[in-house]
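Hi everyone, thanks for making the time. I'd like to walk you through one model today, so let me put it up on the screen.

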Amino acid sequence: MNLQSKVLVIIPAYNEEGSIAAVIQRIRAVSEDLDVVVVNDGSRDNTVQVARAAGATAVIDLPFNLGIGGAMQTGYLYAHKNGYDIALQIDADGQHDPYDIPNVIAPIERGEVNFTVGSRWVEKTAYKSSLMRRVGMIFFSSLIKWVTKETCKDPTSGFRAADKNVIAMFADYYPVDYPEVEVLVHISRNGLKFREVAVEMSERQAGSSSITPLKSIYYMVKVGLAVLISATR
Amino acid sequence: MTVWNTPVIYLLSILFSLFFVLFVLSLVRRRRLREQYSIMWIVLGVIIVVVSLKSSWLILLANLLDVVYAPSLLFLIALLFCFAYLLHLTTVVSKLSDRVVKLTQELAIYQHDEQTHKVPQKQEGR
């Protein structure tokens, strides 16, 4: 794959030494032109050393855990400071397939939209998810449809790409926790466009999901509130 | 119980609020509390001292508001003040958290740039 634009792949990582090397190597296999920044969010394992050894372009080591929003924003801040045209975010646990990266960034390279979300629902893919996750996604999809009038079937997906406008926006403001859904409303309210792109997703390869049943209730309440408030901005 | 025809609660109230105001002032003196945050506490303390000394004013206000037991009006004022001040404090905490996140990110990126020699190093020696 040859790239016209300067693309940065952002991988936020918290205790992901078991899966991050494979993710970085697969990204490298897709294209040598992709820069990879790993944002270590205060891991207690060897995520930093493993990421360096696997050939990450840069490893940014946060001195303590900021949470997913703070870690992700660090990546966007780095992209903004270093003048990248496109920033792509991908999970460190191996659930996203780097071979989809060209598909995820294509609509942005063509200048059609400002932001893309790699979704497992746009076309039939090989992904099976839990009931709670499905309920959450239906709730968030309806919320986004209602507030932005846009369709997003998988608004919690963390496989995303942003153009320069969105990178600058995220460098300035990014929600602290459970940012995925709120960010879409924020983009739409600022007159920018997003689109879903079909991707493959598999079960996570190592580590564990940070979402417990109690947290998922807090997740829905917090995001619901944040979305409604940002819709009034 | 009354002393010099004054309910004891008013005397306790005067003593407590005087002590409170002095304590706030000493915190400011020792730079343990910023002036900007101390003003509201001092104002509250002074209000309580005044209504405790001039309890007739409190009773007058209580009558105006149809409050049967005047000291309960004191509680209401203090409680509302606490709510307002707690809300103010949570906004201060939110602002501080945002700044800590921003500083942490800037520091981590700066350290990375320094390690990869993007930042010009200071010359050793003279």
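**Chain A, then a helix in chain B**

Let's start with contacts in chain A: among those with a separation of 6 or more, 78% are between residues 24 or more positions apart. Keep in mind, please, that this is a predicted model.

What does chain A contain in the way of secondary structure? There are 8 helices and 7 strands. Its radius of gyration is 16 Å, close to the 17 Å from the globule rule for 233 residues, so chain A is as compact as a globular protein of that length. If you like boxes, the C-alpha atoms of chain A fill one of roughly 45 × 40 × 35 Å along the principal axes. As for burial, 46% of the 233 residues of chain A count as buried.

Now over to chain B, and to helix α2, which covers residues 35-53. With 19 residues, α2(B) spans 26 Å from first C-alpha to last, close to the 27 Å expected at 1.5 Å a residue. Which of its residues are buried? They are B:Gly45, B:Ile48, B:Val51 and B:Ser52. Viewed down the axis of α2(B), these buried residues fall within an arc of 135 degrees, so they line one face of the helix. Their cover includes α1 (8-29), α3 (55-64) and α4 (70-115) of chain B. Turn to the other side of α2(B), and you find B:Glu35, B:Gln36, B:Ile39 and B:Val43 exposed.

Last, the two chains together. Their contact takes 13 residues from chain A and 6 from chain B. On the chain B side, that's 3 nonpolar, 3 polar and no charged residues.

Terms used. Residues are numbered from 1 along each chain as its sequence is written. Chains are lettered from A and ligands numbered from 1 in the order in which they are written. This is a predicted model: local features need pLDDT of at least 70, side-chain atom pairs count only at pLDDT 80 or more; totals for chains, interfaces and linings use all residues. Two residues are in contact if their C-beta atoms, placed from the backbone, lie within 7 Å. Ala, Val, Leu, Ile, Met, Phe, Trp, Tyr, Cys and Pro count as nonpolar, Asp, Glu, Lys and Arg as charged, and the others, Gly among them, as polar. Helices (H or I, at least four residues) and strands (E, at least two) are DSSP runs, numbered from the N terminus. The expected span of a helix is 1.5 Å times one less than its number of residues. A residue is buried if 20 or more other C-beta atoms lie within 10 Å of its own, exposed if 12 or fewer, and partly exposed in between; C-beta atoms are placed from the backbone. The arc is that of the directions from the helix axis to the C-beta atoms. The radius of gyration is taken over C-alpha atoms; the globule rule is 2.2 Å times the number of residues to the power 0.38.
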